[in-house]
Amino acid sequence: MDLTATAAPIVDAVRAAAAVEPVGARTHAEVGNQVRSEHATTAVGVPAGIVRHDVADLTVTVLAGTPVAVLDAALAEHRQRVPLQPRDSTATIGGVLATGLSGPTRLGDGPLRDHLLEVRFVTGYGALVRGGGPTVKNVTGYDLPRLLVGSMGTLGVLVQVTLRCRPEPGVTEWWSTASPPGELFECLFRPAAILADSRQTLVCLAGDAADVAVGRAVLRDRIAVDGACLPDGPHRGRISVPPNELGALTAALDRIDGVDRDDGTWLAEWGVGTVHVAYADAQQLAAARGIAERHGGWLLREAGGEADPSGAPFDGFGAAWSGSGTANGELHTRIKRAFDPDGKLAPGRFG
Amino acid sequence: MCFPRDAREVQAAVRAAQHHGVPFVARGSGTGLAGGATPLDDALVIVMSQMDRILEIDPRSRTAWVEPGVLNLDLSRAAAPHGLHYAPDPSSQQACSIGGNVGTNAGGPHCLASGTTTAHVLAVDAVLADGTATRIGGARPDEPGYDLRGVYVGSEGTLGVTTGVLVRLLPDPPAVRTLLLDFTSIDDAATTVSGIIAEGILPAALEMMDAQITRAVEDFVGAGYPRDAEAVLLVELDGLPDGVTAQALAIDEIGRTHGARTVRVARDEAERELLWKGRKSAFGAIARIAPDYYLHDAVVPRTQLVGVLRRIYEIAAEQRLTMMNVFHAGDGNLHPLIVFDRREPGTWERVHHAGTEILEACIAAGGVLSGEHGIGVEKRDLMGRLFSPIDLDAQARLVEAFDPSGLANPRKVLPAGSRCGELAGTRPVPEGTWI
Ligand SMILES: Cc1cc2nc3c(=O)[nH]c(=O)nc-3n(C[C@H](O)[C@H](O)[C@H](O)COP(=O)(O)OP(=O)(O)OC[C@H]3O[C@@H](n4cnc5c(N)ncnc54)[C@H](O)[C@@H]3O)c2cc1C
């Protein structure tokens, strides 16, 4: 079916509704601020399906409602991958891209935004727009794909995307080691990931077998593991700080009231600056946010968090918007208005 | 024209332009090939060459803050003592500026594995069109809100003037190997490229040169390229020694399966540098053949290289033009190069005609208008071949959000009338504008 026909119900729904919430599998529904509107909100879903996998060119085009697990399986048959890596692989590709959370191998694979080549999306004014292009290199016009990654459904409903695939590395190994992450960041060449919690360092080595052996040899007291387990709990978030702050920041996280150092409440991505946190109670998540801010970072709530009796938007994106008056705040407001003049797409998501 | 020395002076220049309702154009080194820095409408030209300091190199986080006028190669030179380098390496790297690279989202041979400029820019300090200074992006992996940084990189000076750039530096690879494969047919070389990619090998660089440019380069620098080859591939592998060796063997085999006559491995750094010098001086070399050249830039899916290259040579033959190809084959980024003498009557028209036909052939093969040079004024009016009016309107809305005044480098990138309901802007590009 041609895309105009596929997108027609989405275009109609957006045009008819006063408030629209683009929805995938709802696996990321708690991330950031929640949709809130005085109008009845229409949930708009997106069809699924792999449209075209150009195996030899390492690109794949999918409808945005396709679950990540379906894409992963299809690509694996050809020993390829797109490292989207959501916590829950029933997540849709559109949902992952719109939320903009990069996976734990960002150090080696690059951020999520670098995997997207072309987008087709429905704007708030009900137009089906194409941005970017299907080739692996492209500077033809403005970079709408990157604008949409992490836009939380506030600028458009993603309908179809073209992604860059990577060849599956010859060997992929995960290790737990006693070597400190900072030291490994200095001495490992192109590691896929260096993650650390308060007890151990987790390293992902990927590539040619002989190269992986070189990396493996420097890991002290190593134990093979299946992969990285991100901290889990009812109150979760991800901190983004300048990478040089990781040491001081994680030391402060260990001092949060009621947190046992050995509970594995945080996992830091070395060389990147992302710290995943999860706590038993909301106060602890709030404390982590305070620490993040003191270290020049910010915390995006992923789940749980403090109750919000005032109805005021949750923090997280606040920094971008609270500053209306700031140049970036103004830019955000104007971009939002440009793509969604009536403010109907995911209202409240960005505060 | 003005030559600001710091961000405040840039701000003053932009405010003055706004005050008088005069358009302004930021200019780096002026090496851009799409005319992005060409002033139209008597614009104020803000030349960034005085802002050429490397402010900080932080080896710990592998980043550097630089002023926009810093030359690309100077940054890598300054990072070298730390065992780091700045990955995007346009062939013009001795002359072009980081600010200009951000403007065009510049690429280079070594962007195949590591990505173009946008993958290496973490933050930009910019003076927006209304004269406010702001920081877009940051040292943190994610910023709250939209990826303004992603939108800004490659916007060809239409969204603001860059006054500082935070770039990512990469560690130098422990091992590098450079291979030269030579072929008796262009098709074989192009199938080898597709073969390497399909095999799942992503070399650091994968460049192709056809017979004419290979001979021209050989005459010019004597890099030891085979004069009788129909095409050569320059392949660079980097990483840890064993992996590099394994990949070199694999490429040797893929090349020979697809008809490579010889596969030569650079024995030492001197030989490697000479091979690269040949590739990077291609444009100097052709100056000896004819006084003028027109360098195109388009991208096609890598699986389409064979067919598109054939069509490009056909177009040249039909238009009786000398055409050479030297390009970033690994990402399908073609650079058809037409050499000519504009004093010959009718030539200029044929050059233009051929250019348009080439771009049409690339679009028909599923390609795009530019891989690294940008749109500027050169391809502005071809944007409608790739994008619908609705698509162009969406891009124009984005520009308007950044610059409601429309004074930041106007009439670049998007054709007149892109914003639905916009009055078609009218004045044509002045005669003789250098693009
Ligand atoms: C021989 C030759 C080889 C080349 N090879 C390559 C190549 O391999 N890869 C490649 O990508 N390009 C290549 N180029 C093109 C060119 O060098 C690049 O586009 C380069 O990025 C331009 O940098 P510049 O400093 O000269 O910018 P300019 O030409 O001065 O400007 C380019 C654009 O950026 C904008 N700009 C410049 N500075 C600023 C600023 N401070 N703030 C806001 N906007 C700004 C301008 O308005 C303009 O739109 C080549 C050019 C030549 C002549």
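Predicted model: local features only at pLDDT ≥ 70, side-chain atom pairs only at ≥ 80, totals over all residues.
Chain B is divided into three parts: domain 1 (7-171), domain 2 (175-284) and domain 3 (290-364). Domain 2 of chain B gives 17 residues to its contact with domain 3 of chain B, and domain 3 gives 19 residues. The C-alpha centres of these two domains lie 22 Å apart.

The size of an interface is often given as the accessible area lost when the parts come together. On the domain 2 side, Asp187(B), Met208(B) and Phe283(B) lose the most area to domain 3 of chain B. Together they account for 32% of what that side buries.

One salt bridge is counted between domain 2 and domain 3 of chain B. A salt bridge joins the side chains of Arg310(B) and Asp187(B), at 2.3 Å from N to O. Asp187(B) is also among the residues of domain 2 that lose the most area to domain 3 of chain B. Polar contacts across this interface involve nine residue pairs, both residues at pLDDT 80 or more.

Four elements of chain B give two or more residues each to the domain 2 side: helix H6 (186-198), strand E11 (205-210), helix H7 (211-221) and helix H10 (282-286). The largest share, seven residues, comes from H6(B). By type, the residues of the domain 2 side that touches domain 3 of chain B divide into 10 nonpolar, three polar and four charged.

Conventions. Residues numbered from 1 in each chain as written. Chains lettered and ligands numbered in written order. Heavy atoms only, no water. Domains from an automatic or database assignment. Contact = heavy atoms within 4.5 Å. Buried area = accessible area lost by both parts, 1.4 Å probe. Salt bridge = Lys/Arg side-chain N within 4 Å of Asp/Glu carboxyl O. Polar contact = N/O pair within 3.5 Å; in protein donor to acceptor, adjacent residues only side chain to side chain. Nonpolar A, V, L, I, M, F, W, Y, C, P; charged D, E, K, R; others polar.
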